[in-house]
Amino acid sequence: MARITLDHIRHAYGPNPQADTDYALREVHHEWKDGGAYALLGPSGCGKTTLLNIISGLLQPSHGRILFDGKDVTDLSTQARNIAQVFQFPVVYDTMSVYDNLAFPLRNRGVAEADVDRRVKEMLEIIDLSDRAKRKAQGLTADQKQKISLGRGLVRNDVNAILFDEPLTVIDPHMKWVLRSQLKRLHKQLGFTMVYVTHDQTEALTFADKVVVMYEGQIVQIGTPAELFEKPRHTFVGYFIGSPGMNVMPVSLDGARAVVGSQDIALAEAPKSVAGDRLQLGIRPEFIRIGREGMPVRIDRVEDIGRRKIVRADFEGRPIAIVASEDVEIPAEPKIAFDPAGVHIYVNSWLAGSPATAGEA
Ligand SMILES: Nc1ncnc2c1ncn2[C@@H]1O[C@H](COP(=O)(O)OP(=O)(O)OP(=O)(O)O)[C@@H](O)[C@H]1O
């Protein structure tokens with residue numbers, strides 16, 4: 001397994017890129033740990049597949065280098081990079097048996113037949129297809145075929161990394177959950193470096209040690225699920241992670257006080273800002289208390305979601321979402337208070353005090 005270094009990578013599909021917007025991938029400069037499980041998360045078109053294809057060698061970046069364990073592999077083919085890939089749709093040989101499909105990547109590398117047999121049998125157990133080992137792949141369901149693809153990705157123990165591109169798309173919801181948990185367990189057990197592309201936050205948050213959030217061709221944050229929740233470094237992370245997402249509102253600063261409309265909000269410390277910067281205050285709905293004390297709001301509606309409720313309200317002329325537990329009573333003249341630990345100030349969309357890059361992995 002390998003440590004993956006993305007060294008000042010940029011990629012444009014068109015010729016002569018000039019502006020940032022010409023790049024499908026803008027400056028990506030990070031180091032991913034050997035044995036780490038990374039999920040690339042972001043909306044459609046943000047550059048996830050482009051980055052994955054650069055790592056696998058399907059695509060040559062317009063600028064920058066990619067290194068595995070410090071060795072430059074930018075010019076190496078996918079084959080020479082020694083990685084396993086699992087795609088959105090199953091890649092299986094229909095005329096081969098399930099067993100032979102799993103054995104294929106090992107036999108291809110000249111692994112001794114006794115070892116092939118041991119590993120294939122282990123993998124058949126893991127993907128729960130032992131009873132179908134001798135059947136041809138042809139007659140299997142899409143679910144089962146995708147399990148074979150996963151098995152083929154995982155069967156070798158000498159790969160530098162395993163790359164997954166939305167591998168659970170064709171899997172039904174229950175099986176998705178099962179396979180996700182299995183992958184997580186396998187990762188702990190086998191310790192491979194894993195890069196997993198998804199646009200589904202639940203999938204990313206339950207599976208990965210580190211979630212790499214991408215937006216408009218950039219990595220805006222790499223963090224644990226808790227870090228992404230507690231301290232979004234970019235307003236997009238606040239909006240994209242969480243349900244509902246973070247409330248973001250225009251703000252002006254007066255030392256260590258934030259001013260929203262006619263309300264003053266005390267901050268833990270005075271953030272630095274520069275004249276002309278666009279300032280916003282972000283607070284997740286979970287960090288707002290509703291009751292009789294604080295700043296007035298007008299309730300628009302209350303959504304019951306089991307043990308919690310989402311209160312949709314108007315605060316200083318803007319919509320705001322508040323999450324309260326089901327037993328909280330909403331008074332006739334409701335007021336809200338912000339927990340200072342959950343109040344963040346953003347300067348031109350980036351968390352005040354953090355550089356406009358996503359930092360270390
Ligand atoms: N072969 C290509 N030629 C030109 N532009 C491309 C090509 N592939 C992707 N793009 C563009 O590059 C940008 C990033 O695309 P990419 O497929 O990497 O995003 P993604 O996050 O993986 O999206 P999705 O979740 O929809 O797969 C998009 O604007 C896309 O239109």
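Predicted model: local features only at pLDDT ≥ 70, side-chain atom pairs only at ≥ 80, totals over all residues.
Q: Which residues are around the ligand?
A: Y13, A24, G42, S44, G45, C46, G47, K48, T49, T50 and H199.

Q: And how many in that shell are nonpolar, polar or charged?
A: Three are nonpolar, seven are polar and one is charged.

Q: Switching to domains. What does the domain assignment give?
A: Domain 1 covers 4-235 and domain 2 covers 245-351. Their centres, taken over C-alpha atoms, are separated by 38 Å.

Q: How many residues does the contact take from domain 1 and from domain 2?
A: Four come from domain 1 and eight from domain 2. The domain 1 side that touches domain 2 has one nonpolar, two polar and one charged by class.

Q: Helix α3 next. Which residues are buried there?
A: In α3 (residues 98-108), V98, Y99, N101, L102, A103 and L106 are buried.

Q: What do the buried residues of α3 pack against?
A: They pack against α4 (113-126) and α5 (142-154). After α3 comes G110, with a positive phi near 75°.

Q: What's the strand order in the open sheet of three strands?
A: The order is β12-β13-β14, and the pairing is antiparallel.

Q: Why is one side of β12 and of β14 left without a neighbour in the sheet?
A: β12 (252-254) and β14 (263-266) stand at the edges, and each has a single partner strand, so one side of each has no neighbour in the sheet. On average, neighbouring strands of this sheet are turned by 35° against each other, direction ignored.

Q: How many bridges do β12 and β13 pair over?
A: Three, in the antiparallel sense, with β13 spanning residues 257-260. D254 stands opposite R257 in β13.

Definitions and conventions: Residues numbered from 1 in each chain as written. Near = placed C-beta within 6 Å. Nonpolar A, V, L, I, M, F, W, Y, C, P; charged D, E, K, R; others polar. Domains from an automatic or database assignment. Contact = placed C-beta atoms within 7 Å. Buried ≥ 20, exposed ≤ 12 C-beta atoms within 10 Å, placed from the backbone. Helix = DSSP H or I, 4+ residues; strand = E, 2+ residues; numbered from the N terminus. Pairing = 2+ DSSP bridges. Axes fitted to C-alpha atoms, helices over the stretch in contact; angles between N-to-C directions.
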